[in-house]
Amino acid sequence: MTKTKEHAEDPCPLDQCRLPLSTRTVNHLADLLRHHLKAIRSRWRILPPGKIAVIVLAVL
């Protein structure tokens, strides 16, 4: 079996997409994430809470 490229290049990579989100919504979720990460004593994440919030809202 050979591997073939099934999908063409992604037309809208995550960092270039436009989402109809208010800054207030993103900041609110980022604050909730910060508090949760502090409560569970998570020392670090690869992405900051603001970027995690945008990804979560994009998926939802």
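Modeller: Let's start with salt bridges (a side-chain nitrogen of Lys or Arg within 4 Å of a carboxyl oxygen of Asp or Glu): by that rule, the count comes to 1. It joins the side chains of Arg34 and Asp31, at 2.6 Å from N to O. Keep in mind that this is a predicted model, where local features need pLDDT of at least 70, side-chain atom pairs count only at pLDDT 80 or more, and totals for chains, interfaces and linings use all residues. Residues are numbered from 1 along each chain as its sequence is written, and side-chain values use heavy atoms, with hydrogens and water left out.

Both partners, Arg34 and Asp31, sit in helix α1, 3 residues apart, about one turn of the helix. Helices here are DSSP runs (H or I, at least four residues), numbered from the N terminus. Arg34 has 42% relative accessibility and counts as partly exposed; so does Asp31, at 38%. The cut-offs are under 20% relative accessible area for buried, over 50% for exposed, and partly exposed in between (1.4 Å probe, protein chains only).

Now look around α1. Val26, Leu29, Ala30, Leu33 and Leu37 are buried.

Definitions and conventions
Helices (H or I, at least four residues) and strands (E, at least two) are DSSP runs, numbered from the N terminus.
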